[in-house]
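Have the sequence and the 3D view open side by side. This report walks through a few contacts and helices.

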Amino acid sequence: MSLLEELNEVQREAVEHTEGPSMIIAGAGSGKTRVLTYKIAHLMAKGVDPFQIMALTFTNKAAREMRSRIETIVNSTEARNVWMGTFHSIFARILRMEADKLAYPANFTIYDSDDSKSLIRKIVKEQQLDDKLYKPSNVLSRISSAKNNLISYVDYNNNAELMQVDKENARGKIGLIYSLYQQRLRKAFAMDFDDLLFNTNVLLRDNPDVLIKYQRRFQYFLVDEYQDTNYSQYLIVKRLAAQTENLTVVGDDAQSIYAFRGANIQNILNMNKDYPDLRTFKLEQNYRSTQNIVGVANAIIKNNKKQIDKTIWTSNIEGDKIRLSSTLSDNEEGNMVARTIFGIKHEEHAGDSDFAILYRTNAQSRALEEALRRMNIPYRIYGGLSFYGRKEIKDILAYLRLVVNPRDEESLLRVINYPKRGIGQTTIDKLKVQANQQGLSLWEYMETMAANSSIARSTGMRIVEFVNMIKSFQLSLNTKNAYELADAIIKASGIFTLLYQAKNEDEGVMRFENMEELLAGIKEFSETENDEEGASSLRTLDEFMQDVALQTDADTDNKEEEEKVTLMTIHASKGLEFPYVFIVGLEENLFPSLMALNSRTELEEERRLFYVALTRGEKKVFLSYSGSRYKWGKLQYSEPSRFLSELDPKYIDDQTAEMLLFNNSPKSTAGVVSKKPLSNSRLKMKSKTTTEQQNTKKTPSNLTKASEIGRGASNDQSHSIQAGMEVFHDRFGRGKVVVIEGEGENRKATVDFNNSGTKTLLLRFAKLRILKQ
DNA sequence: GTATTATCTAAGTCT
DNA sequence: TAGATAATAC
């Protein structure tokens with residue numbers, strides 16, 4: 001079979017092993033997508049009905065891409081019949097079909113985490129709990145991890161251990177909040193993200209007929225990024241695949257970066273316990289990156305204790321070394337990255353889309369954006385405040401959601417007085433109380449008001465008007481297509497006028513355009529044919545809304561926007577590759593994150609994250625850190641990441657010292673960069689001791705805190721250094737001071753180093769130690 | 001009930 | 001810094 005010829009031996013074996021359980025341990029860049037794609041193609045070529053194949057991918061976009069590649073390979077559009085997508089989207093689809101078994105309507109709403117948090121905030125308020133103790137995000141993550149481990153709210157409240165832990169943390173009411181939260185979700189006909197998986201498990205557990213139906217329907221299961229599945233996902237797969245055990249999982253323990261949302265690496269490690277017949281394939285040849293990149297990444301990941309034994313190698317060229325640079329501020333870091341991109345574009349004829357800038361946190365994107373804009377380099381940011389996260393989009397979507405499911409209370413409250421229609425907080429509070437007394441949802445109560453014409457108060461009239469408006473939209477749900485209805489909603493609700501008028505304000509134009517973009521998206525949806533039901537079927541708003549909650553930035557295709565530099569978090573870059581990769585902000589407390597320093601497991605996850613970042617690069621990887629950075633509006637000084645000292649110097653082109661001087665403009669008073677050598681760890685220890693000596697009584701907790709302004713800037717010895725002295729520099733070694741210039745902050749020394757030549761160093765950075773006066 | 005102003009507070013990664 | 005909420009004035 002010709003399609004197999006394009007695979008290496010292990011890849012081919014993995015593809016040809018179609019019956020029974022198999023696990024593919026796929027190192028970074030080893031062609032796992034290729035194997036998955038070919039395996040599905042191979043199954044189809046063997047005559048397996050594509051309707052019997054379920055493939056769970058990490059993003060919906062990945063699924064789409066895989067699908068079109070399969071279509072090319074097998075030269076047929078049959079691949080569209082493979083069920084392919086993320087866990088959340090595939091099982092949301094199944095839940096909608098089987099909703100009645102769970103006493104939900106098929107058009108239930110999916111609450112995103114903002115909805116979830118706002119609901120929790122309300123519950124905390126209603127229960128008159130301390131909102132300092134019960135922060136929505138904390139409570140939600142507690143609930144979320146319970147759900148991911150299939151602990152229902154009833155189980156939770158009956159679980160002595162969990163209750164004890166909460167009590168000890170002075171958060172004994174989390175069980176109660178969980179219960180109320182679930183009840184409110186149900187009342188709103190809503191599920192949160194975790195419910196999609198939780199309820200799928202409930203569905204398959206409590207309805208043997210349904211389970212059997214899907215076990216028969218799907219004969220082959222393929223799961224990508226298996227290292228990032230949680231218990232809930234694991235059990236769904238296990239249940240569905242129990243009949244045929246034709247299960248292929250692909251993953252790499254070294255790239256597990258989602259433990260924070262319940263991903264359980266044990267799912268990979270325990271595969272052979274669950275499936276004694278398991279065949280394991282190891283893909284160890286990296287086809288993506290240069291030897292230098294593979295080498296540096298391997299050296300990094302070696303610092304983690306727990307991992308599956310494997311050796312990633314490549315026959316690619318050696319390539320350039322990984323360049324490490326430092327700057328004084330985050331803005332300069334941005335400038336440096338932009339300048340480098342500009343240079344490479346011209347020298348190496350690279351396109352903008354060949355570059356990616358990866359960072360640990362979304363907040364870091366701003367300085368980079370500004371720098372790219374200054375250099376006229378087109379870019380696109382993925383994640384962060386994504387399109388669907390913008391206020392104007394959420395407002396519109398809230399209307400659309402409300403029309404599809406009027407019991408969706410989050411949406412109702414969002415738009416009941418937007419645009420302003422004279423229904424204020426006091427009215428809403430009254431409505432809530434009355435609805436509660438009658439045991440009705442807010443919407444149901446408002447409906448009875450509409451039917452009951454005896455209400456004459458002007459506010460009552462406004463409520464009736466609002467209810468009637470929503471109801472009139474509902475009447476068109478099945479007669480108008482999604483676009484026609486959405487357009488009508490925007491106009492009739494007053495949103496269009498409001499945003500049109502706001503066009504004069506600074507942000508207004510953007511908002512209006514965003515609204516237009518959303519409408520264009522809905523229009524496109526309305527005009528595409530429905531795969532399953534043929535061209536005659538109307539594409540309704542109902543249908544459109546089903547996908548929206550699970551749409552992410554990574555899923556949106558950007559046809560005309562191809563040629564742009566990509567900015568994203570490392571998490572979002574998983575599975576992607578770029579010729580040139582910049583990893584920025586390699587600083588303590590940022591990467592690794594401050595919050596990950598408490599435990600080895602968390603720190604190891606950060607290290608895997610670094611590994612993922614490094615292995616995105618094909619040709620060149622650039623690392624950088626900055627001596628200072630704006631965080632929450634304040635300037636904070638930062639120290640180089642501990643990961644830098646783990647870099648094997650033989651792969652590194654260290655430019656940090658040069659950068660320090662290069663960036664030293666008299667104006668810039670920002671920043672303290674403590675130079676740390678990467679060449680050997682003993683030296684590193686030494687430098688640390690000197691730092692500690694300077695700050696008398698530096699407690700461990702101080703060490704982990706971001707240094708405050710003004711602290712650490714002092715260097716006792718730097719003031720006493722004079723020309724003629726013999727000094728020691730951590731990286732350049734011994735040398736003799738030739739001359740001292742400048743005052744205070746800008747005091748610098750020209751030093752003739754024994755082995756490194758003559759350098760001019762800013763004393764406040766250089767951390768010179770005096771050897772001989 | 002609403003508009004304006006003051007104050008608070010968040011602070012990580014994602015479906 | 002910026003978004004959300006609380007307090008205040010109208």
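By class, the surface near DNA strand B has six nonpolar, 13 polar and six charged residues. Near means that a heavy atom of the residue lies within 4 Å of the strand. Ala, Val, Leu, Ile, Met, Phe, Trp, Tyr, Cys and Pro count as nonpolar, Asp, Glu, Lys and Arg as charged, and the others, Gly among them, as polar.

This is a predicted model, where local features need pLDDT of at least 70, side-chain atom pairs count only at pLDDT 80 or more, and totals for chains, interfaces and linings use all residues. Residues are numbered from 1 along each chain as its sequence is written, chains are lettered from A and ligands numbered from 1 in the order in which they are written, and side-chain values use heavy atoms, with hydrogens and water left out.

DNA strand C has Arg121, Arg366, Trp632 and Gly633 around it. By class, the surface near DNA strand C has one nonpolar, one polar and two charged residues.

| Protein atom | DNA atom | Distance |
|---|---|---|
| Asn362, backbone N or O | phosphate oxygen, DNA strand B | 2.7 Å |
| Gly422, backbone N or O | phosphate oxygen, DNA strand B | 3.1 Å |
| His571, polar side-chain atom | base oxygen, DNA strand B | 3.4 Å |
| Arg366, side-chain N or O | phosphate oxygen, DNA strand C | 2.9 Å |

Now turn to the helices. They are DSSP runs (H or I, at least four residues), numbered from the N terminus.

Helix 12 spans residues 231–240, and seven of its 10 residues are buried, so the rest of the structure largely encloses it. Buried means under 20% relative accessible area, with a 1.4 Å probe and protein chains only. Among the buried residues are Tyr234, Leu235 and Ile236. At the start of helix 12, a side-chain oxygen of Asn230 comes within 3.1 Å of the backbone nitrogen of Ser232.

Helix 18 (residues 391–404) packs against helix 22 (residues 458–475) at about 75°, with axes 9 Å apart. That makes the two helices roughly perpendicular, a label for angles of 65 to 115 degrees. Axes are lines fitted to C-alpha atoms over the stretch in contact, and angles run from 0 to 180 degrees between N-to-C directions. Tyr399, Leu402 and Val403 in helix 18 meet Phe466, Met469, Ile470, Phe473 and Gln474 in helix 22. Contact means heavy atoms within 4.5 Å. The residues of this contact divide into seven nonpolar, one polar and no charged.

Terms used. Polar contact = N/O pair within 3.5 Å; in protein donor to acceptor, adjacent residues only side chain to side chain. Buried < 20%, exposed > 50% of the residue type's maximum accessible area, 1.4 Å probe, protein only. Parallel < 35°, antiparallel > 145°, perpendicular 65-115°, else oblique.
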